Amino acid sequence: MDHSGHGMDMQMDLPPFTLGRGLEFSFDAFFLLGSLLGLALYGWGVLRLRRRGDAWQPGRTVAFTLGVLTVMLATCTRLNDYGMVMFSVHMVQHMVISMITPILLLLGAPVTLALRALPPAARGHKGPRELLLMLLHSRYMRVVTHPAFTIPMFIASLYGLYFTPLFDFLMESRTGHIAMMVHFLAVGLVFFWPIMGIDPGPHRPGYVMRMLELFAGMPFHAFFGIALMMASEPMIKTYAHPAASLGIDPLLDQQWGGGIAWAFSEIPSVLVLVALVYQWYHSEQRAAKRSDRAADRDGDQELEAYNSYLASLQARGQ
C-alpha cells in the first residue's frame, strides 16, 4: 500500500482493524532493507569471531535478532498502514520502536561486536573500527548520552511531538513518517544505552544512578498516557476524522492509545530493572572473584616472605 500521501488518503482502502489484518505483511522498502542489512552485518560479525576461535554469547545474538524483528513487526506489516489512520495502532508502533526495540538491540551489544570483529587499519590510516572508536570518545557522544540530554529528549518526544502541530506535519508525507519512526528508535537507544546497555559508552554511572535515571523519565510517560485517556475531545488532528469504513470512534481510539502509552511506561521499566539487577549481580560476582584472586596472591607473597625469613634464621643458626 502506498504511503506517499497523507494518512487520510488511505482510509477508504482499510477495513476495520483486527489483529489478523494488522499482522499481514506490508512492504516497506526503507525498514525492510534496513532490518535485513542490520541482521546481515551482525551475522557477519558473529561468524568472523567464530572463524578465529573467539566466543560470542548466543543470548546476545538472540536479543539483537528479536530487536530487529520488532522493527519489522511495527513497520513491515499492516500495523504500519493502520498506524497512519488509527492513533491506537500508531501508539503501538511508537511504544515498540522506542522502548522494546532499543532494549533488545542494546542487549545484543552490537558496538562491542563491531569493535571485536572489524579489523584494525594499517598504521597511519583510519578504518571503520578507528572511526567507530573516535565516535564513541567524541564530545558529541558525551552530550547525547548524558542524562541532562537523554531524559528531556525522551520527554519532549512525547509532549513536544503530539501536543504541537509537528506531528500533523510529519504525518503528511511518507518521508516525515519514516523520520518520526527513526527518531523514536534513536531516542530510545540513547535513553536506555547508559542505563542498561552492554556496549562501552562515554557515560556509564553506577547501578543506583542508572535506576534513578530510568525512573526519572517514566512518570512523564505515564502522565502523557493519562492525559490522552482523560481528554474530552480528540487532541491530534490527523486522527480526528477517521473514515467510516474503519468503524471507530476517534475519542475512544485516542483513549486506547493513551492506555497503551501508560502500560508501556510500566512493562519496559520492569524489563530494564531485571536486566540491571542481573548485570549488577554479575558485576559484583566478578569483583568478588578479582578480590579473591588478589587476596590469594597477597597470601602467597606473605607465605613466601615468612618462609624466606625462617630460612634466613636457620642459616644464621648454622
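Predicted model: local features only at pLDDT ≥ 70, side-chain atom pairs only at ≥ 80, totals over all residues.
The ring of Tyr-82 pairs with the ring of Phe-17, the two centres being 5.0 Å apart and the planes standing at 80 degrees, so the arrangement counts as edge-to-face. Phe-17, for its part, is partly exposed, with a relative accessibility of 29%.

## Other aromatic pairs

The pair of Phe-17 and Tyr-82 is one of 14 aromatic pairs counted in the model. Another joins Tyr-42 and Trp-56, whose ring centres are 6.5 Å apart and whose planes meet at 70 degrees, so this pair too is classed as edge-to-face.

Elsewhere, ring pairs link Phe-87, Tyr-159, Tyr-162, Phe-163, Phe-167, Phe-224 and Tyr-239 into a cluster.

## Salt bridges around Arg-78

The structure contains four salt bridges. One of them is formed by the side chains of Glu-24 and Arg-78, with an N to O distance of 3.6 Å. Glu-24 lies in the loop between helix H1 (19-22) and helix H2 (29-51), and Arg-78 in the loop between helix H3 (58-75) and helix H4 (79-82), so this bridge ties together parts that are 54 residues apart in sequence. The two partners fall into separate accessibility classes, since Glu-24 is partly exposed at 38%, while Arg-78 is buried at 15%.

Arg-78 forms a further salt bridge with Asp-81, in which the closest N and O atoms are 3.7 Å apart. In this case both residues are buried. Through these shared partners, Glu-24, Arg-78 and Asp-81 are joined into one network of salt bridges.

## The bridge between Arg-52 and Asp-54

Arg-52 and Asp-54 form another salt bridge, with their closest N and O atoms 2.6 Å apart. Arg-52 is partly exposed, with a relative accessible area of 43%, and Asp-54 is partly exposed as well, with a relative accessible area of 28%.

Asp-168 is located in helix H10, which spans residues 166-170. With a relative accessibility of 16%, Asp-168 counts as buried, because the class takes in values under 20%.

Once neighbours within four places in sequence are set aside, Asp-168 is in contact with Ile-236, Lys-237 and Thr-238. For Ile-236, the separation from Asp-168 is 68 residues in sequence, whereas in space their C-alpha atoms are 7.5 Å apart.

Terms used. Residues numbered from 1 in each chain as written. Heavy atoms only, no water. Helix = DSSP H or I, 4+ residues; strand = E, 2+ residues; numbered from the N terminus. Buried < 20%, exposed > 50% of the residue type's maximum accessible area, 1.4 Å probe, protein only. Phe/Tyr/Trp six-rings, centres within 6.5 Å; stacked < 30°, edge-to-face > 60°. Contact = heavy atoms within 4.5 Å.
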